[in-house]
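Here is a friendly walk through a few local features of a two-chain model. Have the viewer open beside you as you read.

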Amino acid sequence: MAIYTDIDLSLKKHPVTGDVLRLYDDVAVVRSISHILQVKSTDIAFHPERAASLDEYQFELLDYVSMARIERMIREAINLYEPRAKILALDLTAVSDTLPPGIKIGLKVQVVNSNSVLQIDHYLSKVK
Amino acid sequence: MAIPLTDPASLDADRIKQSLIAFLKTQSEFSDYNFAGSGLNVLIDILVANTHYYALYKAMIANESFLDSAILRSSIISRANERGYLPRGIIVARSTVTATLSNSTVGQLSMEIPKGSTFVGNYGNAQFYFSNTDSAALLPTGISGQYSGTFVVAEGYETTTTFDVAPGSRYILPNLGVDPSTIRVRVETSRFNTNGEVFVNLSSLITTDSLSPAYILTEDESGKYEIIFGNGVFGKPVSNGNVVIVSYHVSTPGAGNGIATLSPTTQLFQVGDLTLTNTVTSGAELGETLLSIKENVKRHIPQQNRCVVESDYETEIKKQFPQFKDVVAWGGEKNVPPVLGKTFISVLTSDMMPLTRQMKSTVITAIKRKNITAITPEIVDALPTSIRVAATLKVNLALSNSTVQDIYSLVKTVISNYDVAYLNKFKSKFVESQLVTKIVECSPSVISAKLKVLLVSKIYPNLVKPTSYSMSFNAPIAPGSLTCDSFTIQNPTVATDYKFVDAAGVVKIIAIPNNGATTYFLNGNYGSINYTTGEVQISEVIISPSANSVGLSVFATPADQDIFSTGLHVLSIDTTNTVVTSQQITS
């Protein structure tokens, strides 16, 4: 029996039931963290604080200061808004030798009350 | 399953979200609605933003649909237009100029000052330009080579805007700061045919037919004036290819008053010496405020743009002359003895001075267009009565951090505010207990207050000719209380001040020698006092108020410290002479 049930925002339909697809447990948590990393401060009406706002660093230099700030923002956002996940590791890698340049975010989390360890990879592009 | 509308009237986004989450709790398909990053939460946030936007939008539409709740100027103007009310625009400062041209060409029928000639004047450090709204003709005075004439100049400059008539055209004057009374509209046949006619502002549909060259003036959503031509039923329409030429005066809103001297910016005549004298520029007013529009629209509906009953006159004058503080009108049948066929109007100006003859004439002209034919409006001057207040306080300084001077200042402010809020208008009331309450409430240190009130009326003595004076305090006065500022009489034998005093209902003059000698009464009686009505008659006398004084103030103590103004009387507190004293107590 699934504990967590979420809607799949791809809005594809289930091939058998015809309902919109649902996400369960680990997948739901991974998708939730992905959403948190993608949300901008202007996306949620009246709640700019509920966003990781990583896009603010889109035009910053790829230096250690920026990387440290991004790491801090990711940790704060997940700790605040995704209580189901505990961060085990967070790796940020600046990528400048491929196009588009950006930051590769590697996040390892454990789902609370579960033994599942999930790897989430996100790419913060410097180009829209 | 219905969405539980726990708080459907709320526009708050968070409460809308809580309603949606409350709904989701009732189903079993999804459970992640409470997690900020879940897909469900993303959808809910979108729905909340959408719901909130439409709720706000609809609330705003509802608000802006009604005159009482509208906030946007464009909405208020639109609601006013629906009711046939055109908000008053700015009024430019004007002055009547008398020009005399001497030593000029002999034998001319007239000398013309062209329309739009500019004149300059200073007010403080600011310089203002005026121009004449119509050409002025100076006529021969009878002295060889001398011509003279009067004309009106208005602050700002004349300008012209031309529109080509085409399907869907709007005729919006591009300038702000337009005085609507200066708008002149001429419609010509085409760019190549300058035949045409002058269109006038449509003031009444009753006198308008399909051929009337008339336009309607409205204010558009940006505060600029728009000219709307007739539709062929009410008013003559304009045709494609016609050219609309609009000339008007653009000025600095609310500025240009108080300039005593104007001079031309260029030499107006090649031959002759031109001298100008002008009345002090006056009349500049800002456009009608939104609050004023809301109030006047309400009065405009029952008034129906006519002057029939007393309140119609008051409404119309307040509408056309917002610079007046108050207006009262009454039918002549209420006078004693009755004066039939007349409506009397009294106007209170912001400086409490009587209207000039020119201004009276302007007001009458404005009214005559809308009142009943057989009724003659007449303006009579208001009768201002001042009240001097002396307040005696009991104060306990331990009850606040204020000093005695702070308290005096507070009390004077309270009295001044009372004057602004309750007095300075017709049918006003000075209620002693009301003012005492406000004084006591102004500081915890004020334990009690007692007021002593004096009524003050002013006469402006004729300095050269024996003149009798009549004044009324418009309230019962206490016997023996009449007195006045000191004055001098013609050819006094010694340096002596004189005053009117009350001797049992008879006005006497008491002489007060400056050398300290005993005071004495002059022979004879100088008038009478009616204690019941507060009327005072002073018989023919030549007196001069003391130096530095405009007029002579006459005082009386009212029999009752609650004073009500009736008729033409207007009460105001003489705040510059308010006296506050105190007795300090410690318990």
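## A strand in chain B

B:L217 stands opposite B:I227, a residue of strand β12(B). The strand that pairs with β12(B) here is β11 (residues 214-219) of chain B, in the antiparallel sense and over five bridges; two strands pair if DSSP finds at least two bridges between them. Strands are DSSP runs of E of at least two residues, helices are runs of H or I of at least four, and both are numbered from the N terminus. The hairpin of β11(B) and β12(B) has five residues between the strands, and B:G223 there takes a positive phi near 90°.

Strand β8 (residues 171-172) of chain B also pairs with β12(B), antiparallel over two bridges, and B:I172 has B:E226 as its bridge partner. Four of the five residues of β12(B) (residues 225-229) are buried, so the strand is largely enclosed by the rest of the structure. Buried means under 20% relative accessible area, exposed over 50%, and partly exposed in between, with a 1.4 Å probe and protein chains only.

## How the model was read

This is a predicted model, in which local features need pLDDT of at least 70 and side-chain atom pairs count only at pLDDT 80 or more, while totals for chains, interfaces and linings use all residues. Residues are numbered from 1 along each chain as its sequence is written, chains are lettered from A and ligands numbered from 1 in the order in which they are written, and side-chain values use heavy atoms, with hydrogens and water left out.

## A helix in chain A

Which residues of α2(A) are buried? They are A:S66, A:M67, A:I70, A:M73, A:I74, A:A77, A:I78 and A:Y81. Seen down the axis of α2(A), these buried residues fall within an arc of 125° (taken from the directions from the helix axis to the C-beta atoms), so they line one face of the helix. On the other side of α2(A), A:Y64, A:N79 and A:L80 are exposed.

What covers the buried residues of α2(A) includes α1 (25-38), β3 (85-95), β4 (102-111) and β5 (117-125) of chain A, where contact means heavy atoms within 4.5 Å.
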